[in-house]
Each structure stands twice: as structure tokens, then as C-alpha cells.
Amino acid sequence: MSRQRLSFWWFVGTLLVSLLLMLVPLPHVLEAFKPYWPALVLLYWALESGDQRITLGLAFIFGVCADLLTGVLLGEQALRLCVLAFIALRFRSRLRFFPMWQQTLAVLALLLNDRFLQLVVRAFAGESTPPALWWMSPFISAALWPFLFLLLDDLRMRLRLQ
Amino acid sequence: MPLAREESSPLFAGTAAGTLRLIFYLALAMVLMVLDHRNGWLWRLRYTTAIVVEPIYRLASAPADGLHAASVAFADRRMLTEQNQRLREDLLLANAKLNRMAAVAEQNQRLKELLDTQHSLELHVQMARVIGIDMGAFRHRMMINLGARDGIRAGQPVIDAHGVMGQIIDVLPNSATVMLVTDPDHALPVVIQRTGLRTIAYGSRNGEELTLPNIPMAADVRAGDKLLTSGIGGRFPEGFPVGQIDTVQPAPTGMFLEAHATPSADLDRSDEVLVLHDLAEPAGPPPPATPAGPPASDAPAPPSTASAPRVPMPTGAPLKPASAQTTGTPPT
């Protein structure tokens, strides 16, 4: 009972921390290289727990919260995270058993798709197209993916959470 | 017990229900986006949820604040002494300049009173601290720690010691968002200090500079020219430094000169900024007076008051129809 509760709070906590990390500023030079933390954490839980935890509704609400915090356009991140969660859940059974390098490549593809979606949304909203450096973020995120995955997995094992 | 085939996550094909759910949520997100884009829902929602949002901002800015505090705490004595010395010199210099300027300012004031204009050189400002959070790469936004409770309104200019930084675009109870002058969506009416040429400085796509895309071909513009706010447009008061022109070349269309300028404000490094309280006087014709229709009391009394449409008539106030008529029409 208590363990179940703890694992629930661990799950919520990682999501909240990812939102905070999204807001924490980096030095100006590194700003463009900032990984998209909420997507990474959502992906981790989608691969790890699947339908039991991550549903499209949750991804939507999570995205709306992120939108509220960044103040861009209400629904933009909700849309992106929904698409991300959908693809991850659809291919979960295969993605889970990929070797790490293949999984990383899959994550890279997912995040590039995510950036593309963001570009489309922004174009419709009438914002200007960002410079080329803006496309660096998915690569950094994908490079961080193995470490994040192993770290979260290890912590989960150590704490004996679900 | 035989293993039940997992229906929820099949290996290759998904269920139609999942796709339908995706379509539902995508549609919901699109509806939200359109409504928000049209009506600005986001900011109203943000204002009502500010009690949750603002503490998160403070929490997110804690690492940056901590780093700042650490850099002060661990700065060595020599550096602090040097900084102190430099600031003293700056202050001395600024004071000397101010003293010289005081007489000129007074004279200016007197002359302007003679000319019957109300421009004043005094500044009403509020000091604000920058909240260090990331509003997204290449977004040219900044949060400050003053909000609606401190009397901040959207549209107020924000400056620092060196020049114009931007303007407030959105206000929460205890914080506000500033759009920087380098934002591609930002335009600022400027005047070139040396020649007095008026033009408009836009932000640029890749961040750190201002673009002046429509300077006439024959205009005298050189690299090194300083840009000031012109006060036209009624948002930024005139005379604040904006930037310095770096390059001038013909625009790709060949019809204008295009100049690039670096902003003079420290857009990345400012910790403390000033929010201006007196907006520039709006240029152009004065706003139209309240529409003065035919005064109700002057109208011939309708033969049957019961059938006539009701005319709202201020009964308590003394009626002065003639004077209302004259103020309504501009003197020719």
C-alpha cells in the first residue's frame, strides 16, 4: 500500500521536476542546446509503465500545464506531447526491447518529429521561423537519453518502486 | 494458467479506439490553440492560476539566484574593491555630468514652458529584478518581479542603465513578462541621433541585433550612428538610447538601405531593470471626443411620448446641450 503510494509520488515527482528543469535557465551560450525534459521523462514512463500510467489524457494535461508555465500558446505542448505519447505507446512493445543505441535513435526521431510539429504550429500562429541552431535540441536530448533512462531505471530498482 | 494475449499493447497493429482517442485529443488541442490565439485565453487563465504559477517561477529561478549569490559570496576581495572603485568613479563622473546638465535642463524646461509643451525630463520609474527563468530558446522574453499589484500595466517601457530593453506585454499579480527589443515581432520607432532621420527598428530572427530594413537609399547613415527612441507611436518616451549601427548595406530588394544595429541595453546580463511609468504622449490627432448626438432636450417633444422609443436622458445632471455640442466638434 505504502509502496504503491510512494511509487505514485515518485512518478508525479519526476514529471514535476521535468517541468521545473524546463524553466531553469542555462547560461546564454547553452540556451539553444537545452533538452526538452518533459518529453524525455514522459517517454521514459511511457516505455516503462505503458498504458497503466501514461494515457493520452495525462499527456494532454501535462502539456497544458507546461503551456501554462511557458506561456507560449495554450495547447501547443499538449498537442506535441499527445503525439509523442501516442507513438511511444503504439510501438512500446518493440521500443522496450531495442538495444540502447537503437532506442536512442528512435528517441531522436520522435523528438525531431516533435520539433517539426512545433515548427508547424508556430508557422500557423504567425511566429517567425527560428534559426538553424534551434534544431540542435533534439540531438542533445537524444544524447542524454541513455543516461536519463539508466539513471531513472536504476533509481527505480534501488527504491524498489514500480 | 495460459498467458492471456495482451490486447492493450499489441506488437504491430494498434486498436482503432486508440487512434480515435488521439484524434480527439489533437482536435481538443487545436481548438484550444485557435481559441487562445484569437482571444488570448492563455493570459487570463494564467492570471487566475497565478497563485500556482508564480511560486513555480520563483522555484525555477532559485538555481540562477543561488549561482548569483554564490558568485558574490566567493568573489575575492580584490575584485570587489576594483568593482567598488570603478563604480565610485562612474558615480563621480555621472554626478559631474548631471551638475552640468542641471542648468541646461532647467533652461530647457523654461524654454519648453514658453513653447507650451508638456514634455518633462523627469522620470517616474520603478526598479524591478529579473526573474531568471527560461522562456524558451530564441523567444526574447524576460520575467520581472513586479506585477499588477505594483501598478504595472501592459505596454510600459522597460529600460536599463544603457538603453531601452523592451516593453511589458503581459502582467501577472506579482510578475510580468517583458518582450525584448530583439524579438522579431517587436518594432520600435527610432531616430538617428546624428541626422535626425526617423525610421523603425525591428528585432531580428537570430537574436542579438536590431534590423532597420527601410532606410531611404539617399539617406545619410553610417556605421557607428547612434539610435534613440523617437517618441512617435506613443509608447516609448523620446530620447532613450536604443543601439548603435554596425553595418549598412542595400536591402535585397534594392529599394532601401538595410542597417543592422546592436542594442545598447545589456539584454542578457541585466539583473535590475527600470520600468518607466510615464508613457510618451500619443502623437497624432487627439482621440475623438465622445460622440455628441442631438441633445435629447433640444429635440422637439414627440407628440406621443408613450409610443416613442425611450431615449436615455440624464435627469439628475444639469443639462447643457449647447456646450456639449461645441466641445464635440473641433474648432475649424
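## Helix packing in chain A

Two residues are in contact if their C-beta atoms, placed from the backbone, lie within 7 Å. By that rule, Leu15(A), Leu19(A), Met22(A) and Leu23(A) of H1(A) meet Phe62(A), Cys65(A), Ala66(A) and Leu69(A) of H3(A). Sorted by class, the contact of H1(A) with H3(A) has 8 nonpolar residues, with no polar and no charged ones. The model described here is a predicted one.

Two packed helices are described by the angle between their axes and the distance between the axes. For H1(A) and H3(A), the angle is about 30° and the axes are 11 Å apart. Angles under 35 degrees count as roughly parallel, and H1(A) and H3(A) are therefore roughly parallel to each other. The crossing in which H1(A) passes H3(A) is right-handed.

Is Val72(A) buried or exposed? A residue is buried if 20 or more other C-beta atoms lie within 10 Å of its own. Val72(A) has 23 other C-beta atoms within 10 Å, so Val72(A) is buried.

Val72(A) can also be placed relative to Trp135(A): the two are 63 residues apart along the chain, and their C-alpha atoms are separated by 18 Å.

## Contact between chains A and B

How many residues does each chain bring to the contact? Chain A gives 36 residues and chain B gives 38 residues. On the side of chain A that touches chain B, at least two residues each come from helix H1 (2-23), helix H3 (56-70), helix H4 (76-90), helix H5 (92-95) and helix H6 (100-125). H4(A) makes the largest share of that side, with 6 residues.

By class, the residues of the side of chain A that touches chain B are 22 nonpolar, 7 polar and 7 charged. H1(A) and H3(A), the pair described above, are both among the helices that supply this side.

## Chain B

Chain B contains 6 helices and 12 strands. Its length is 332 residues, of which 24% count as buried. Taking the contacts in chain B between residues at least 6 apart in sequence, 58% join residues at least 24 apart.

Chain B is divided into two stretches, domain 1 (20-60) and domain 2 (187-266). Between the C-alpha centres of domain 1 of chain B and domain 2 of chain B the distance is 36 Å.

Methods. Residues numbered from 1 in each chain as written. Chains lettered and ligands numbered in written order. Predicted model: local features only at pLDDT ≥ 70, side-chain atom pairs only at ≥ 80, totals over all residues. Helix = DSSP H or I, 4+ residues; strand = E, 2+ residues; numbered from the N terminus. Nonpolar A, V, L, I, M, F, W, Y, C, P; charged D, E, K, R; others polar. Buried ≥ 20, exposed ≤ 12 C-beta atoms within 10 Å, placed from the backbone. Domains from an automatic or database assignment. Axes fitted to C-alpha atoms, helices over the stretch in contact; angles between N-to-C directions. Parallel < 35°, antiparallel > 145°, perpendicular 65-115°, else oblique. Left-handed = near helix turned anticlockwise from the far one by under 90°.
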